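Here is my note on this model, in numbered points. Please read it with the structure open.

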Amino acid sequence: MAKRKGRPPKIDEAGRDVLREIVTEKPYATLDEVTTEFTRRTNLTVNAATVRKALRQAGMRQERGAVVVVRRSPEEEAGNQRYGYKEEHRRQEPDQLYPSCLTQTEWELVEDLFEQSGKRGRPPRYSRWEMVNACCYVVRNGCSWRMLPREFPPWENVYRTFRRWAAAGKFEQMHDRLRELWRSREERAPEPTAAVLDAQSNRSSPQGGPSGYDAGKKVKGRKRNLVVDTMGLLLMVSVIPANVQDRDSADQVVRDATDKYPSLEKLYVDGGYSGTCAVHLKQEHQIDVEVVRHPANRNVGRWANPDQGELFPVLASSDGFVVLPKRWVVERTHAWYERCRRLIMHHDRLLSVSEAWVWLTGARMLARRLTAGT
């Protein structure tokens, strides 16, 4: 009597090749994430148990052990570009009262956003250029409004003008224009298609306003949520009390980013947004969310083939520092903004004012880049 043949496997050899490609591209993906990506690529609906069985047949296992770190020697890192303060960061042109001020060339890029051309009424008593320079001085040096140098207009006028511009979104418009100019110079499309999300907790001053305690970072203050493009340029910012979890605040800032930039298709996040948060962001905003995990993450592990040895060695610097793909971009943006002392601590009562300082900081940085060497 002939032996009855069972049901043929749902994932054949071609399907196992697709699974190998997925785990090679995303070695730290969970089984559910691998299943979702397999369904997207093959239009074949399978469950996680079937995918696990097919991966085992392909020789892939999920390991949760120590990570093999390959450290590069100092000689190998000698040719790498170093980032930090350079002479061009400290330069002061003849038309600058202070190094934080806008030059004539920089001001011409955004002058029409602040000048009230064609409107009736008494002309402004103080130059709009001087007003913007005073705001740049405050954000760069972190001083209080009352301590503005006498070379600037009276601090009361500057403060009222800053609040009016912040409420009107002038600094966000300024940043958006300069970001498009820089992306065009770098031969990128004006509208980004990929973004990176991250949050950073900072202390708040005794000035007052909404604040909270971040038990994870041991910080009492506020949390700054940034959505940046793959070049590290700001797309959206949201300032909230620090006691709000990252996964609880992600929905609003991602909604604002996708509404403002309908071209967004990909979003990179860290492990704090994984699980139901990443699934919700995908379904709610129709955007592909990829979780970039640290190589030493033992909760998920990594896909490997025990018969072939270590497939994905982690490259680290000579001191053991590991750069996470895509994630380092937004971390670098946080470091850029912390050069401005006003952003190291939250001194303002209103959250919207804290967000306006972030937009102005990013715009000032882009203006300096666009006019470098001119």
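**Notes on strands, core and helix**

1. Strands β5 and β6 make a hairpin with 4 residues between them, and G232 in the turn has a positive phi of about 90°. Strands here are DSSP E runs of at least two residues, helices are H or I runs of at least four, and both are numbered from the N terminus. The two strands pair in the antiparallel sense over 7 bridges. Pairing requires that DSSP finds at least two bridges between the strands. V227 stands opposite M236 in β6.

2. A word on the basis. This is a predicted model: local features need pLDDT of at least 70, side-chain atom pairs count only at pLDDT 80 or more, and totals for chains, interfaces and linings use all residues. Residues are numbered from 1 along each chain as its sequence is written, and side-chain values use heavy atoms, with hydrogens and water left out.

3. Strand β5 (residues 219-229) has other partners. β4 (residues 212-214) runs antiparallel to β5, joined by 3 bridges. Y213 has K220 in β5 as its bridge partner. This pair also forms a hairpin with 4 residues between the strands, and K218 in the turn has a positive phi of about 60°. β3 (residues 194-204) is joined to β5 by 9 bridges, again antiparallel. There, Q200 stands opposite R224.

4. How enclosed is β5? Of its 11 residues, 10 are buried, so the rest of the structure largely encloses the strand. Buried means under 20% relative accessible area, exposed over 50%, and partly exposed in between (1.4 Å probe, protein chains only).

5. The largest nonpolar core has 77 residues; F114, M174, L197, L267 and W357 touch the most other members. Helix α12 (residues 351-370) gives the most to this core, with 11 residues. Apart from it lies another core, of 16 residues, among them I11, A54, L55 and M60. A nonpolar core is a set of buried Ala, Val, Leu, Ile, Met, Phe, Trp, Tyr and Cys residues joined through side-chain atoms within 4.5 Å.

6. L197 touches residues including L226, V227, L267 and R327, leaving aside those up to four places away in sequence. Contact means heavy atoms within 4.5 Å.

7. In helix α5 (residues 104-114), the buried residues are E106, W107, V110, L113 and F114. Seen down the axis of α5, they fall within an arc of 100°, so they line one face of the helix. The arc is that of the directions from the helix axis to the C-beta atoms. Their cover includes α6 (128-141), α7 (155-168), α8 (170-185) and α12.
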